[in-house]
Amino acid sequence: MIPWEGLTIKTIFVQGPVPGFRLILVMLISAALIAADTRFEHLTAPVRSTLATGLVPVHWLGYAPYRFTDWVGELLVTRGDLEEENEELKTRLLILERRSLKYAALAAENNELRRLLNSSEAVDDRVVISEVVGVSPDPFSHEIIINRGANDGLEAGQAVLDSQGLMGQITQTSQFTSRVLLVSDSSHAVPVEVVRNGLRYVLLGNGERDHLDLMHVPDTADIREGDMLVSSGLGGRFPRGYPVARVSDIVKEPGEPFVRIKATPKARLNQSRLVLVVFPPENETGSQTEAEPVAAPVGEGD
Amino acid sequence: MLSVISYPLFVVSVIVALVLSISLFPVDWLAFRPEWLGLVVFYWTFRAPAQFGVLLAWCLGLMLDSLEGTALGVNAAAMAVVAFLVLAMHQRLRMYPLPQQCLVVFLILGTNQMLVHFLKQMVGADSPGFVYLWPAATSAIAWPAVTAVLDRLNRKLG
């Protein structure tokens, strides 16, 4: 008998009914996982966090080319350009410092007034700066990945801002990275109010980056193009008063109960590289638990 | 079926596929990104059906779930189906000329994408139309290049 002959036959026919059995097994595990992941998130959170932590090198590698081009770009900057930029930044700093002087006085005054009113809410929020290291590979979901995670004290549910306005919220954390759901994702909603007159509405994402939908606005509501919408703080998820969007388009259709209103997000959702993650005020945790925060990501758009 | 396969190459190809599936593709054309991990799973179960199979494909799919942020198990189940279909037809597949192999790649990865799409819709995503099938088509186009490169490396390193 030739020894290798049996071997070849074996390698060709070794997979008989076994793959089918394995497939069924794996399908059952998958079904259980999917159900657990969508209905009982706390069960799979550790698995998710461990997987994401293990895949940090992949994120790092995926981001490496961009870091490299940045580095090359920085190498090729001329002295003149740098001086110009420096000058520009100094001017900007001066303007912002003046503004912050005024702000400090206002914040102090505001805190004083709040103290007089026996309200516990402080004006200032603690933030941490973080860099965007990836975007979701799924073209139908609007998510970004930032380079701070559970090690920096981040948790799911924290609000994320850029220099212009509200970007979204953290949905998952691993040890070193976090996943941020942007306001433009079709499963995202923000409670907002109109700055001009305090009308409260809900701003829904719709899967497009350049506009959001303001929901359930009656025909007669006092709202105009150009109105600024800021987060109202209702629902306990987002801090109050951060700019979210500006009303860009109002369409009134006779026969429809509500006006269709589009708003342009203030944050530069697909451009910002540096973002701020806001920590919820610590002295307020007591009242937060009482309020029972409404889960801000809602299931369906309509 | 290759006489020799290189395990380090397998690890490297998986890492490259994972990196490619989150990076290095123009943002505006994201809908056309080939399903790199699907191609890798297809290649390895096709070339070495005795060593790679359903369970390994499932684990790789789980990694993709974590990267894409989909519900855990969605891509995993779809990858397992790819491995299963390849295992079921790898002997016939070997006889096919390259264009016909590309067609099979389209069909199998299309099944994968459909399953992913179906599961996502069940979980609550919202993406109408047949746009989700584009990755299967571009994967079929990429298949000759992928198999040529991996075959060559396998012969050199294995």
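**The barrel and its surroundings**

Author: In this predicted model, six strands of chain A form a closed barrel in the order S1-S2-S5-S4-S3-S12, with antiparallel pairing. From one strand to the next the twist averages 45° (axes are lines fitted to C-alpha atoms, for helices over the stretch in contact, and angles run from 0 to 180 degrees between N-to-C directions). Residues are numbered from 1 along each chain as its sequence is written, while chains are lettered from A and ligands numbered from 1 in the order in which they are written. Local features need pLDDT of at least 70 and side-chain atom pairs count only at pLDDT 80 or more, whereas totals for chains, interfaces and linings use all residues.

S1(A), residues 126-135, pairs with S12(A), residues 274-279, in the antiparallel sense over six bridges (two strands pair if DSSP finds at least two bridges between them). Within this pair, A:Val127 stands opposite A:Val278 of S12(A). Helix H4(A), residues 56-75, lies across S1(A) and S2(A), the latter covering 143-146, and runs at about 75° to S1(A).

Elsewhere in chain A, S7(A), residues 200-204, pairs antiparallel with S8(A), residues 212-218, over three bridges; here A:Val202 faces A:Met215 of S8(A). S8(A) also pairs in the antiparallel sense with S11(A), residues 258-265, over five bridges, and A:Val217 has A:Val259 in S11(A) as its bridge partner.

Of the 302 residues of chain A, 30% count as buried (20 or more other C-beta atoms within 10 Å of the residue's own; exposed means 12 or fewer, partly exposed in between, with C-beta atoms placed from the backbone). Helix H5(A), residues 79-116, has 38 residues and reaches 54 Å from its first C-alpha to its last, close to the 56 Å expected at 1.5 Å a residue (the expected span is 1.5 Å times one less than the number of residues). The number of buried residues in H5(A) is zero, so this helix lies largely in the open.

The contact between the chains takes 39 residues from chain A and 37 residues from chain B (two residues are in contact if their C-beta atoms, placed from the backbone, lie within 7 Å). On the side of chain A that touches chain B, the elements giving two or more residues are H2(A), 18-39, H3(A), 41-54, and H4(A). H2(A) gives the most, with 10 residues. By class, this side of chain A has 18 nonpolar, 14 polar and seven charged residues (Ala, Val, Leu, Ile, Met, Phe, Trp, Tyr, Cys and Pro count as nonpolar, Asp, Glu, Lys and Arg as charged, and the others, Gly among them, as polar). Chain B itself has six helices and zero strands, and 46% of its 158 residues count as buried.

As to caution, chain A averages a pLDDT of 80, and 84% of the residues score at least 70 (pLDDT is the predictor's confidence in each residue, from 0 to 100). Where pLDDT is low, the predicted coordinates should not be read in detail.

Terms used
Helices (H or I, at least four residues) and strands (E, at least two) are DSSP runs, numbered from the N terminus.
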